[in-house]
Amino acid sequence: MAIFTLTSMTGAPGVTTTALGLTFAWPRDVVLVDADRAASQTLLAGYLNDVPTGGRGLTSLTQLWRDGLDLGSDLPKHMVTIPGTEAKTTQHWFVPGFARPGSSTLFEPIWPELMDALASLDRQGIDVILDAGRWGSQGLPAATLANTRQLVMVTRSTLPALATLRLYLPDVTAATGATPSCNTQLVVVGPGAPYSAREIGDHFKSPTDELPWQPEDAAYFSDGRPGGLRLDKRLLARSYAALAAKLRATVDRWDAQFDHSATRTAEGVPTYV
């Protein structure tokens, strides 16, 4: 199991919509965490607007931490079942983010413990998807990157979006360079406007996947609009499912290679990198 973190360098490239779409399509038990330090109610005002959260989420966890309680044991109480996933054979949950502007400032010393709590879910066979929002001038919390197995940078294919990505990419490389287990990749939402995903991946020398620009279907995930008949069979939903399977398989392959190398080293067989 693993922790997958989604972020972007610019505003509104579809990070939150992509995170929810992936969570819907995820092939294993998964929890989506709103870890955007800029307080946002995007999901709770959109797709999850009818879900009673009862004060659950990162703001409540802040108070628990201040009271000296263990976040790992209390975290499951803050996981809300995502509507529309009840019929699936896998479980899909959501942990709400910060309820007020400035709440994330109080949360800064708590990130390491939160990530430890999420890692405990990982050990129980539950994957984690973090919606980290914008990278920003401060980047992401060090504890987040230290526990992330796949950092997914979401971007549009427009020149302004790619110019901003170019500005921040050295910071991303420096931050993830200290964490060898954190792999990075790009996901291009709406390729061909004007650059293709392949052109973008070649330019930035990064593994790259793509999602189609389907605003009407995306509004089902972002705004909670009716999806119409057989939304799960349409292009966007199928693309989420394909990307979810690929992300999960990438980590599985990495784990298999790591385990194989560790076994060979333990047996005294030299390995080469």
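Residues are numbered from 1 along each chain as its sequence is written. In this predicted model, local features need pLDDT of at least 70, side-chain atom pairs count only at pLDDT 80 or more, totals for chains, interfaces and linings use all residues, and side-chain values use heavy atoms, with hydrogens and water left out.

Biologist: How many aromatic pairs does the structure hold?

Modeller: Rings of Phe, Tyr and Trp (its six-membered ring) pair if their centres lie within 6.5 Å; planes under 30 degrees apart count as stacked, over 60 as edge-to-face and the rest as tilted. By this rule the number of aromatic pairs is ten.

Biologist: Which parts does the pair of Tyr47 and Tyr220 tie together?

Modeller: The two rings are edge-to-face, 5.4 Å centre to centre with 70 degrees between the planes. Helices (H or I, at least four residues) and strands (E, at least two) are DSSP runs, numbered from the N terminus. Because the partners lie 173 residues apart in sequence, the pair ties the loop between helix 2 (42-45) and helix 3 (58-66) to helix 10 (residues 215-222).

Biologist: Why is the pair of Phe98 and Trp111 edge-to-face?

Modeller: Phe98 is in the loop between strand 4 (92-95) and helix 5 (103-107), and Trp111 is in helix 6 (residues 111-123). The ring centres are 6.2 Å apart, and the pair is edge-to-face because the planes stand at 80 degrees.

Biologist: Which residue lies over the face of Trp213?

Modeller: A charge sits over a ring if NZ of Lys or CZ of Arg is within 6 Å of the ring centre and within 35 degrees of the ring normal. At 4.1 Å from the ring centre of Trp213, the residue is Arg156.
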